[in-house]
Amino acid sequence: MSFLQPLISGILTGGVYALAGIGMSLVFGVMNISNFAHGDLMMLGMYLAFFSFTLLHIDPYISLVLIIPIAFMFGYMMEKVFINRVIHHPHQNQILLTVGLGLIMSNTALLAFTSDPKILTTTYSSSAFNLFGDISVSVPLLLSFLITCLITVILYLFLSKTATGMALRATSQNREAAQLMGINVAKMSAIAFGIGTALAATAGALIAPTYYIHPLAGHSFLLKAFTICVLGGLGSVVGAGVGGIIIGVVEAMSSTYLSSDWKDVIVFVIFLAVLLFRPQGLFGKKGGQ
Amino acid sequence: MKNKFVSIVAGALLAFPLLAQAAPLKIGFINSITGKEAQIGENLTNGATMAIEDLKAKGIQVELIKEDDGGDPKNALAAYEKLVTRDGVIGVVGPYTSGCANVVASRADQYQVPLLVPAAAKEEITMKGYKNVFRLNAPANVYSKVLMDAVKAYKPKTIAYVYAATDFGVSTVKTAQENALKMGLREVANEKYQQGQPDYRSSLSKVKAANPDLVFLVSYDADAILLMRQAKEIGLTPKAFLGAGAGYTTAQFSQQTEISNLVVSATQWTDDVNWTGAADFGRRYKAKYAKEPSYHAACAYEAMRIMVETASRNNTSANLRAALKAGSWNGIFGPVKFASYGGFTNQNNHSMLVQQIQSGKYETVYPAQFSKKKLVYPFKR
């Protein structure tokens with residue numbers, strides 16, 4: 001079997017992981033908070049995509065136009081009401097708060113939507129095309145990947161070219177100095193959390209047509225997003241992007257050449273090796289957290 | 001007037017303890033109400049609830065104490081210990097998953113409270129000679145045996161395994177390998193996967209490259225849909241997909257006709273089988289819960305009925321154990337008897353069924369005496 005098959009499907013799956021990781025990393029960078037509700041925010045994105053498909057008959061990829069602003073507002077409000085109260089508190093308080101918010105979201109979803117997994121079946125859910133004869137490329141996964149790339153480019157331009165984006169990066173680099181320069185860091189935190197939430201929900205919506213939708217589905221992605229963030233360097237958006245792709249490819253390669261039973265072992269061995277030799281992560285700043 | 005009221009109240013107070021003593025039958029029920037297996041757990045809850053209602057209609061009152069294990073053996077054991085020590089139940093039905101049931105079974109003899117396992121497949125549960133452990137459903141080796149028997153006539157030569165890294169997955173495949181060896185099938189791929197992953201394409205591509213006649217699958221609920229979707233995507237087309245229970249036997253799976261058509265699966269129960277009351281149970285279940293009953297629902301119904309009926313005539317755990325061991329029943333699950341055979345203790349030698357999804361519907365196709373339709377072989381898209 002060709003070496004390219006696992007490489008391609010790994011890169012495509014990694015793209016969605018990357019999107020989840022980028023959102024988490026951005027929140028960490030700007031606010032210095034590890035958001036353990038990130039997986040549950042992804043789950044909300046999955047349900048939004050599912051209901052806009054079943055009730056409003058909007059294609060899950062097009063429904064992003066609705067999901068992104070809704071999720072942004074949700075995240076923005078969540079930061080204003082809950083998160084900013086613990087922003088100067090010790091890490092364990094922040095972790096407790098975000099874990100708690102996540103539990104409330106997943107259990108509310110469990111009550112509201114029951115534990116029956118929902119399946120979003122579009123006309124292209126299991127379609128694929130062949131590349132170079134024998135390599136099959138999943139159509140929904142490829143679409144997800146292209147949308148991920150597009151969103152990442154937009155995010156990059158936003159962060160590097162706009163005034164708000166630069167203020168966000170300044171807050172990320174040094175919160176106190178940014179405040180002294182006249183940046184409204186409280187607002188920046190809310191914006192960062194809103195963007196983080198929007199990215200999580202987008203990742204959820206993108207994976208919905210090829211995955212199943214369940215109130216606890218976010219949990220397996222939370223661990224991945226966290227691994228990706230640490231691997232790429234906490235707070236580094238580029239690092240999270242690259243980290244996501246690396247995890248996707250490593251998973252695909254190890255299930256092809258070893259056994260899928262071993263893929264988590266390989267992922268975490270690489271993860272530990274990176275922590276050992278480059279504690280700040282692949283793209284992290286030296287001396288950072 | 002006031003005196004009359006006082007006397008009524010006093011009378012009621014006196015009568016109350018008597019009433020409370022008249023219904024002391026307490027039975028425990030451990031199930032996966034939350035967690036990864038919650039969807040299947042709900043079917044068990046529904047089945048058990050119907051059993052309790054039917055028994056009530058027959059005049060058998062029971063206090064059912066429900067516990068959730070969340071699919072975690074640790075919680076299941078804690079639930080069992082709570083039921084027998086704090087609540088004082090005389091018998092327990094459950095838990096659902098093999099992992100949970102196996103752990104609880106290992107402690108049942110210590111507490112001497114009978115445990116009736118309704119639907120867990122791991123063989124070990126009834127193979128250790130535990131006196132207080134009874135199992136209604138057929139164990140894992142029968143899943144693979146009945147599936148391979150159903151396709152034996154078509155003389156397949158090679159087989160590949162794709163299965164969840166769970167107790168149920170590993171034990172089912174282990175016995176499937178033994179059965180395959182007896183049939184002279186050659187193993188060409190063996191892919192164990194972690195549940196809940198979004199991407200199984202690499203594993204499935206490996207299976208495709210090995211070009212097997214049979215693909216033997218073991219998965220819980222939604223993973224089954226994911227696997228079959230990705231199998232279609234990469235163009236994996238064996239002569240038959242054999243799905244051992246759980247995820248391949250849900251109504252949701254059969255509705256995904258594009259990917260589920262002609263998938264063969266083993267099941268403990270169908271509603272078109274000619275066992276007493278099976279069809280009626282299916283109809284009433286559909287009317288009550290607005291969905292098809294899975295075999296889990298039937299297992300839970302029958303396990304609960306047997307447990308409560310027997311317990312209502314035997315008010316201590318020791319008597320209940322003796323009565324379960326001696327008794328025999330005939331209901332929606334066919335003839336039931338807890339016997340010792342082939343290394344098993346207190347195991348119901350249940351006859352499993354093979355069904356195939358034909359245009360979105362489960363049709364029983366094997367054994368011939370229970371089926372109306374014929375198996376479609378080979379598989380085609």
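Two strands pair if DSSP finds at least two bridges between them. B:Trp329, for one, stands opposite B:Val336 in strand 12 of chain B. This is a predicted model, in which local features need pLDDT of at least 70, side-chain atom pairs count only at pLDDT 80 or more, and totals for chains, interfaces and linings use all residues. Residues are numbered from 1 along each chain as its sequence is written, while chains are lettered from A and ligands numbered from 1 in the order in which they are written.

**Strand pairs in chain B**

- Strand 11 (residues 328-331) and strand 12 (residues 334-341) of chain B run antiparallel and are joined by four bridges. Helices (H or I, at least four residues) and strands (E, at least two) are DSSP runs, numbered from the N terminus.
- Two residues form the link in the hairpin that joins strand 11 of chain B to strand 12 of chain B.
- Strand 14 (residues 353-358) and strand 15 (residues 361-366) of chain B also run antiparallel, with five bridges between them.
- B:Val354 has B:Tyr366 in strand 15 of chain B as its bridge partner.
- The hairpin of strand 14 of chain B and strand 15 of chain B has two residues between the strands, and B:Ser359 there takes a positive phi near 40°.

**Two domains of chain B**

- Chain B is divided into domain 1 (11-138 + 274-348) and domain 2 (141-267 + 353-370). These bounds come from an automatic or database domain assignment.
- The centres of domain 1 of chain B and domain 2 of chain B, taken over C-alpha atoms, are 29 Å apart.
- In chain B, 16 residues of domain 1 are in contact with 19 residues of domain 2. Contact requires that the C-beta atoms of two residues, placed from the backbone, lie within 7 Å.
- On the side of domain 1 of chain B that touches domain 2 of chain B, helix 2 (38-57) and helix 4 (98-111) of chain B are the elements that give two or more residues.
- Helix 4 of chain B gives the largest share of that side, three residues.
- By class, that side of domain 1 of chain B has four nonpolar, six polar and six charged residues. Ala, Val, Leu, Ile, Met, Phe, Trp, Tyr, Cys and Pro count as nonpolar, Asp, Glu, Lys and Arg as charged, and the others, Gly among them, as polar.

**Helix packing within chain B**

- Helix 4 of chain B packs against helix 6 (residues 167-183) of chain B at an angle of about 90°, with axes 8 Å apart. Axes are lines fitted to C-alpha atoms, for helices over the stretch in contact, and angles run from 0 to 180 degrees between N-to-C directions.
- That makes helix 4 of chain B roughly perpendicular to helix 6 of chain B. Angles under 35 degrees count as roughly parallel, over 145 as roughly antiparallel, 65 to 115 as roughly perpendicular and the rest as oblique.
- B:Ser98, B:Gly99 and B:Asn102 of helix 4 of chain B make the contact with B:Asp167, B:Phe168 and B:Ser171 of helix 6 of chain B.

**Helix packing between the chains**

- Helix 10 (residues 237-257) of chain A and helix 7 (residues 201-210) of chain B pack at an angle of about 30°, their axes 8 Å apart.
- Helix 10 of chain A is therefore roughly parallel to helix 7 of chain B.
- A:Ala252, A:Ser255 and A:Thr256 in helix 10 of chain A meet B:Ser202, B:Ser203 and B:Lys206 in helix 7 of chain B.
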